[in-house]
Amino acid sequence: MTEVGDDPDLVVGQDGLARPRWAAADEDLRSYYDTEWGLPVRDEHGVFERLALEGFQSGLSWATILRRRDGFRRAFADFDVDAVAAFGPVEVEALLADTGIIRHRGKIEATITNARATIALRTATGLGARGDLGPGSDLGQLVWSYRPQRTPVPSAAGEVPTTSTESHALAKELKRHGFRFVGPTTMFALMEALGLVDTHLVGSHRRGTSGVWAADGTPAA
């Protein structure tokens, strides 16, 4: 790997593509960065899975979560919302003994709680950043209603924010509906993962490629 000019935060891999240093650390991170991170995910199932994984990631590295992703999917019924919502004490104890996941009682119980809250959203009223979502809406629609008007344009890792006005508002809204492990920092990471914001560094081969945002931080045409 070589650095991009004088930029220590971007490196060029053997494939000639520039990535942030964290995404070039190993093959799992490189593949996730190239093919998934920041590409739009809007459906309830996909948003719930990423919400759960971001909650488990709190205090840990993302590489740790990626290495256990298959284990998480197996343990949590492929993140089927209705199936996870039905988990009870027996399933919690089984999960605490499962070495394929992060065995943290609080995070496990929060995932089950969040599945139940996700179901409740389907019939809730007054949802969304403008309160214009109603019954029949879902978690994906709620989260995407907090998409900002512009996205950051970071040239260095130190310029990438960890929260935003929208992530604080989204965290507050989700907590109001009973969700747990949804602080503003975790919600900003979720927004990055789902494509609501684009924090790819300027110069990265992924900058402005999601179809949601142009490279200059404005909405894509």
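Is Arg176 counted as buried or exposed at 53% relative accessibility? Arg176 counts as exposed, where exposed denotes over 50% relative accessible area, buried under 20% and partly exposed the range in between (1.4 Å probe, protein chains only).

The views show a predicted model, in which local features need pLDDT of at least 70, side-chain atom pairs count only at pLDDT 80 or more, and totals for chains, interfaces and linings use all residues. Residues are numbered from 1 along each chain as its sequence is written, and side-chain values use heavy atoms, with hydrogens and water left out.

**View A. Salt bridge between Arg176 and Glu173 in helix 9.** The two side chains meet at 3.1 Å, N to O; a salt bridge is defined as a side-chain nitrogen of Lys or Arg within 4 Å of a carboxyl oxygen of Asp or Glu. Arg176 and Glu173 are about one helical turn apart because three residues separate them in helix 9 (residues 165-176). Helices are DSSP runs (H or I, at least four residues), numbered from the N terminus. Glu173 is buried, at a relative accessible area of 9%, whereas Arg176 is exposed.

**View B. Salt bridge between Arg69 and Glu36.** The closest N and O atoms of this pair are 2.7 Å apart. Arg69 belongs to helix 4 (residues 69-75) and Glu36 to the loop between helix 1 (27-35) and helix 2, so the pair ties together parts that are 33 residues apart in sequence. With 8% relative accessibility, Arg69 counts as buried. Both residues also belong to a network of salt bridges that links Glu36, Glu49, Arg50, Arg69 and Arg73.

**View C. Salt bridge between Asp198 and Arg207.** Here the closest N and O atoms lie 3.5 Å apart. Both partners are buried. Over the whole structure, the search finds 15 salt bridges.

**View D. Lining of the largest cavity.** A cavity is a set of points, on a 1 Å grid over the protein atoms alone, where a 1.4 Å probe fits but cannot get out; lining residues have an atom within 4 Å of a point. Three cavities of 30 Å³ or more are counted, and the largest holds about 50 Å³ of space, a volume being the space filled by probe spheres set on the points. Its lining consists of Leu51, Ala52, Gly55, Phe56, Lys107, Ala110, Thr111, Asn114, Arg180 and Phe181. Helix 2 (44-57) and helix 7 (105-121) each contribute at least two of the lining residues. By class, five are nonpolar, three polar and two charged.

Key: 1 Å grid on protein atoms, 1.4 Å probe; cavity = no way out; pocket = protein on both sides within 12 Å on 5 of 7 lines; lining within 4 Å. Nonpolar A, V, L, I, M, F, W, Y, C, P; charged D, E, K, R; others polar.
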